[in-house]
Amino acid sequence: MTSDGIYRSPTLEFLITNACNLRCKYCFLTNGRLGYEQADVETIKSFIKNKGSQSFYVFGGEPLVNIKGICELIDYAESLDL
């Protein structure tokens, strides 16, 4: 806990997309129950900045389906110098 009374996690985890170009038999996404969506990168940026985390990682369906969003988050995190 920090001096302002807020707990800040050193690592954050984000679902960058639930889209996937694979068809793994064990995956719950392949049955079509969920629509494919991309995360709102601006919301994630705000969360990274406000939570002051030192690292984050992304997952999803297949995260690299949203490589543009991942690159944007990496560039943003580097600009913050966390």
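What covers the buried residues of H2? In this predicted model, the cover includes strand S1 (11-17), helix H1 (41-51) and strand S2 (55-60), where buried means under 20% relative accessible area, exposed over 50% and partly exposed in between, calculated with a 1.4 Å probe on protein chains only. Because the model is predicted, local features need pLDDT of at least 70 and side-chain atom pairs count only at pLDDT 80 or more, whereas totals for chains, interfaces and linings use all residues. Residues are numbered from 1 along each chain as its sequence is written, and side-chain values use heavy atoms, with hydrogens and water left out.

The secondary structure of the protein chain consists of two helices and two strands, which follow one another along the sequence in the pattern β-α-β-α; helices (H or I, at least four residues) and strands (E, at least two) are DSSP runs numbered from the N terminus. Of the 82 residues in the protein chain, 24% count as buried. The chain exposes about 5,800 Å², of which carbon and sulfur atoms supply 55%, the areas coming from the Shrake-Rupley method with a 1.4 Å probe, and for residues only the protein chains shown count as cover. Among contacts (heavy atoms within 4.5 Å) between residues at least 6 apart in sequence, 72% join residues at least 24 apart.

Helix H2, which spans residues 67-80, has 14 residues and reaches 20 Å from its first C-alpha to its last, close to the 20 Å expected at 1.5 Å a residue; the expected span is 1.5 Å times one less than the number of residues. Its buried residues are Gly 69, Ile 70, Leu 73, Tyr 76 and Ala 77. Seen down the axis of H2, these buried residues fall within an arc of 130°, so they line one face of the helix, the arc being that of the directions from the helix axis to the C-beta atoms. The face turned away from this buried side carries the exposed residues Lys 68, Asp 75, Glu 78 and Ser 79.

Lys 45 lies in helix H1 and is buried, with a relative accessible area of 14%. Not counting residues up to four places away in sequence, Lys 45 touches Glu 72, Leu 73 and Tyr 76. A search of the whole structure finds two salt bridges, each defined as a side-chain nitrogen of Lys or Arg within 4 Å of a carboxyl oxygen of Asp or Glu. Glu 72 itself is partly exposed, with a relative accessible area of 28%, and salt bridges that share partners join Glu 42, Lys 45 and Glu 72 into one network.

Between helix H1 and strand S2, the loop contains Gln 54, which counts as exposed at 65% relative accessibility. The C-alpha atoms of Gln 54 and Leu 12 are separated by 8.5 Å, although the two residues are 42 residues apart along the chain.
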